[in-house]
Amino acid sequence: MSDRSSATPVLSASALRYRIGDALLLDGVDVELYPGELVGLIGPNGAGKSTLLRNLIGYLRPTEGTVTLEGRPIQTYSARERAKRISYLSQYGPDQFPFPVIDVVEMGSYPVVGMGRAPGVREREAAMRALSYVGLERLADRSFPSLSGGERQLALFARILVQESPIILLDEPTASLDIGHEATLLQMVRDLCEEGYSAIVALHNLNIAAEYCRRLVLMDGGRVRAAGPPDHVLVGELIETSYHTSVHVGRNDSTGSITVSPVPTGGAARDLRVHVIGGAGGGVNISRFLHRTGCTLSGGVAHELDSDARLWKALAVPYVQVPAFSEIGAPDIERAAALVDAADLTVLCAFPFGTGNAANLDLAERAGRLLILDEESGGCPRDFFGDGEALRARFDRLAARHGVHPYRDACRLIEEMLKRSTTA
Amino acid sequence: MLPARRRAAVAFGLAAGLVVSFWAALAFGAVTLPVGSVVRVLVGVVSPGGIDPAELDAPMRRVYAILYHIRLPRAVAAMFAGLALAVSGAAVQGLFRNPMASPDILGISAGSSLGAVLAIVSGLVVLHPLAVPGASFLGALAAASFVYTIASRRGGTHLIYVILAGLAVSSLLSGLVSAVLVFSEEYALSQFIFWTMGGLEGRTWANVTAPIPFIIVLSVVLMFHANPLNLLSLGEEQAHSLGVRVEAIKVSVLVISSMLTAMAIAIAGPIAFIGLMVPHLVRMVTGPNHRTLLPFSALAGAIFLLGSDLVARLLFAPHEIKTGIVTAVIGGPYFIFLIIRYQRRGSV
């Protein structure tokens, strides 16, 4: 690795703009590649990574700005002189024609061979060496379109090796590779950089980018959002706003590099606490809905082995349960009451009431804001057993005060509350 | 690249095939001529002093007349038209990265015919021997550029649009050819068929001598595009990154192929499907590398058209059918077979 401050970049773009019609695909991009560097180009789909790389190899002409290759504007090089300095790998191979793999690799010798001449023994040997370096020598005579996605990428990479240009641009080289091949390929790129090659690699896998690249460039909407070492670029907020998803940024315990993992929506992402009074499976659907929409969920009191209780356990939300067929006692209600009191909304699901769970009505009565689901929603009728008449009367008072909602309406109401809570 | 030995074997086979089919084209027909006489006349024709018919005895004079004035120009016409159509077909397929592209599919042939027909009808034909090939070339180039323009986007041409645009332009121009011929009174029906279907009957030295040097030179120049055509199969970006001047190569291959097609059509009319079928068959035997594909297609195209013309002459002898009918009867089903095959593979 060279010291950046003392070196001049081998490849740089300044104030690059690229426009097609009304679409501004690159909007003032500055990028520099220093000798021996491995730069990871990251960003969501459509960020402009591929467009940038195509501008950097001179295939697309920037609408504004310049690309400088070894101190000279890239357009001043002849095609083959440029190709001796900079190579490029896309995910595209000769799919329509059954070229043997070795021929595809040998195409890397074109900058030296040129138009009129056939590649000779030297070129063939170089192609064979490159192919065995990537571990595909046994496939030399196979037809390229018959290779697997991973083998194709490796064969195309071998073609880059034959080209021997000191600057390498790779556009998502690992897109169709399994993690083994992905690591192998990036390790080979890193080895090349240690020999003095310089590379820019567009990558989707942020963990791989963090592991292998000393410097990352994060693009979004045709601009560079951030550039620098992985721990400066892979910051939760930057990644979340660029990729529009919640992520957890941590460190790999063994290698010490940054890791980024998406956090499934749910958990504590939204600011609405909902307590579900369920039982007999009546709370399953609404609990799943609340979890999915990102509410902070709690549950109880249900009986052990009820599917409600099993779901709350699986979702790892706070809940209260009592053993199957036993009566809900005062200590259980006390614990559940704490959850109800903390909640912004309590949902009373449809399930039969009897002596065993009569205490759940106490919970419903103490809720500040109560949403009662109608009988259709739960799959089991809201019957009243034991001291049935008294229980029914208490329920009817609650229903008169809060109303009874079909499941769809309830979901809609909760979504509205969520919207208000996020905007507030 | 093929192993050298296999390549040499294929080359030898094709060369032998060309000699045999050329000899068959001269020997067979309404009258079968013995090998000895054919060789004698051929040797006489190419020897420095030439051959003086007056010095020949009566039977040999007849052989000479049949060969020199009828069969030889016709065989030469078939050979060079087949060569030009096949080699330009191979190059165009490589350029568009599509084994189903060819000068006839892309409208180049129809444009070429229209140019030729306009030159004849307008009377330009009397000005210069190259007037018909020239007009034919302009028509081909106009059709090719038109198809190329409507099918191309920034950053490349989309294959399916190329084919569709080509078919549309092709039908339009063929319609125009028919219209021009219908409205020009001096045209006999056989001429009409010639310019819509192609054929080799009645070809004389006057028809073939002017285009042949162009066909030879252009084919050789086209073969020098083999490496860049190989690289284009990697897609335009990667070909560019390897040092191919993509736009220049595209224009150059398209112009040369249009010229070759135009020359072939000036000689033999718009003979269908050779440019599609021959390179495809050759590719199945020797692989897609253009360094072998282009020369081998040239040889195979010459053999194929010589053979088709022989079939056209002999099938219903003493009547002959148009050579273009033979190639269309073979080529049409072949094209359908290709479409089904690529459809099964899910890639058109």
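The model described here is predicted. Its chain A is assigned two domains, domain 1 (11–262) and domain 2 (273–423).

**Domains of chain A**
- The centres of domain 1 of chain A and domain 2 of chain A, taken over C-alpha atoms, are 55 Å apart.

**Sheet of chain A**
- Six strands form an open sheet with parallel pairing, in the order β15-β14-β13-β16-β17-β18 (chain A).
- At its edges lie β15 (319–322) and β18 (404–405) of chain A, each of which pairs on one side only.
- Strand β17 (residues 370–373) of chain A runs parallel to β18(A) and is joined to it by two bridges.
- A:Ile372 has A:Val404 as its bridge partner in β18(A).

**Helices on the sheet**
- Helix α12 (residues 307–315) of chain A packs on the sheet, where it touches β14 (296–303) and β15 of chain A, and its direction makes about 145° with that of β14(A).

**Nonpolar cores**
- The largest nonpolar core has 187 residues, and those with the most contacts inside it include A:Val105, A:Ala158, B:Phe80 and B:Leu306.
- Helix α3 (residues 58–95) of chain B supplies the largest share of this core, 20 residues.
- A second, separate core of 39 residues includes A:Ile277, A:Ala343, A:Val347 and A:Phe351.
- Not counting residues up to four places away in sequence, A:Val105 touches residues including A:Ala127, A:Leu131, A:Ala158 and A:Val162.

How values were computed:
Residues numbered from 1 in each chain as written. Chains lettered and ligands numbered in written order. Predicted model: local features only at pLDDT ≥ 70, side-chain atom pairs only at ≥ 80, totals over all residues. Domains from an automatic or database assignment. Core = buried A, V, L, I, M, F, W, Y, C linked by C-beta atoms within 7 Å. Buried ≥ 20, exposed ≤ 12 C-beta atoms within 10 Å, placed from the backbone. Helix = DSSP H or I, 4+ residues; strand = E, 2+ residues; numbered from the N terminus. Contact = placed C-beta atoms within 7 Å. Pairing = 2+ DSSP bridges. Axes fitted to C-alpha atoms, helices over the stretch in contact; angles between N-to-C directions.
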